[in-house]
Amino acid sequence: MTARNNEHKKGACVVPKGLRRVHDESDSYALLTEREQLLLDVLRRWLTGWETRNPHYWQAAWTLLCRQVSASAARRVLSGVESFVRAIAVDARRTLAFNRPCCGRVTSDERLLIDIMLRPRNAALLSAVSGIVEAGAIDETLRLGAEIASAVSSEVGEGFGGDLGVPNPSKGAPLNLTLH
């Protein structure tokens with residue numbers, strides 16, 4: 001039995017492989033733009049919902065998005081975040097660090113993920129992306145980032161509503177998180 005299976009049997013939190021919760025003093029949340037803060041808040045809530053299996057966090061991400069973008073765009077962003085995280089989880093070269101939703105600090109990995117989601121075709125990101133996912137997954141990771149960027153920038157008012165589209169944590173690769 002593998003170490004990961006043993007950890008799972010012991011009751012460890014299982015979330016996408018390649019991401020873990022840490023306390024990282026790398027950057028201040030307040031220095032992010034409003035759009036960057038929105039995506040970071042959504043990403044952290046989505047991952048916390050996955051980790052805890054508590055749909056409250058997914059609902060919080062949905063509500064937060066619906067305050068900023070149309071319901072259609074919100075669905076696309078949440079779907080994109082789920083696909084984005086799953087793609088990274090499957091092809092991660094290393095473990096990426098993220099903080100709790102309420103943390104005022106931004107890890108360097110969170111900063112990178114935000115950049116991929118907002119500026120996926122930035123040439124400077126290619127090197128950074130190649131440091132977090134296998135070579136064969138770079139294009140897919142950037143494509144998924146571009147989909148999220150498109151959904152966020154669409155901001156077409158369709159009113160609120162629609163279902164949350166709660167992710168299915170049983171799909172994809174597992175990851176053990178360390179809470180701070």
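**Note on the predicted model**

1. Arg105 is placed in strand β5, residues 105-106; helices (H or I, at least four residues) and strands (E, at least two) are DSSP runs, numbered from the N terminus. With a relative accessibility of 25%, Arg105 counts as partly exposed; buried means under 20% relative accessible area, exposed over 50%, and partly exposed in between, with a 1.4 Å probe and protein chains only. Its C-alpha lies 9.7 Å from that of Leu31, although 74 residues separate Arg105 and Leu31 in sequence.

2. The model is predicted: local features need pLDDT of at least 70, side-chain atom pairs count only at pLDDT 80 or more, and totals for chains, interfaces and linings use all residues. Residues are numbered from 1 along each chain as its sequence is written, and side-chain values use heavy atoms, with hydrogens and water left out.

3. The protein chain has seven helices and six strands. Read from the N terminus, their order is α-β-β-β-α-α-α-β-β-α-α-α-β. Of the 180 residues in the chain, 47% are buried. The accessible surface is about 8,400 Å², and carbon and sulfur atoms hold 51% of that surface; such areas come from the Shrake-Rupley method with a 1.4 Å probe, and for residues only the protein chains shown count as cover.

4. Among contacts with a separation of 6 or more, 78% join residues 24 or more positions apart. Contact here means heavy atoms within 4.5 Å.

5. The largest nonpolar core contains 46 residues, and Val42, Val77, Val81, Leu113 and Ile116 touch the most other members. Two or more residues come from each of α2 (34-52), α3 (55-66), α4 (71-91), β4 (96-98), α5 (108-118), α6 (123-130) and α7 (138-154). Helix α4 contributes the most, with ten residues. A nonpolar core is a set of buried Ala, Val, Leu, Ile, Met, Phe, Trp, Tyr and Cys residues joined through side-chain atoms within 4.5 Å.

6. The axes of α2 and α4 come within 11 Å and cross at roughly 65 degrees; axes are lines fitted to C-alpha atoms, for helices over the stretch in contact, and angles run from 0 to 180 degrees between N-to-C directions. On the α2 side, Leu39, Val42, Leu43, Trp46, Leu47 and Trp50 meet Val77, Leu78, Val81, Glu82, Val85 and Arg86 of α4. By class, this contact has ten nonpolar, no polar and two charged residues; Ala, Val, Leu, Ile, Met, Phe, Trp, Tyr, Cys and Pro count as nonpolar, Asp, Glu, Lys and Arg as charged, and the others, Gly among them, as polar.

7. Leaving aside neighbours within four places in sequence, Val81 is in contact with Val42, Leu43, Trp46, Met117 and Ile148. Ile148 belongs to helix α7 and is buried, with a relative accessible area of 0%. With the neighbours within four places again set aside, the contacts of Ile148 are Leu39, Val77, Gly80, Val81, Phe84 and Met117. Ile148 and Gly80 are 68 residues apart in sequence, and 5.5 Å separates their C-alpha atoms.

8. Helix α5 is largely enclosed by the rest of the structure, because ten of its eleven residues are buried. Charged residues are included in that buried set, among them Asp109, Glu110, Arg111 and Asp115.

9. Arg53, in the loop between α2 and α3, has a phi near 60 degrees, a positive value in a residue other than glycine. Most residues other than glycine have a negative phi. At 41% relative accessibility, Arg53 counts as partly exposed.
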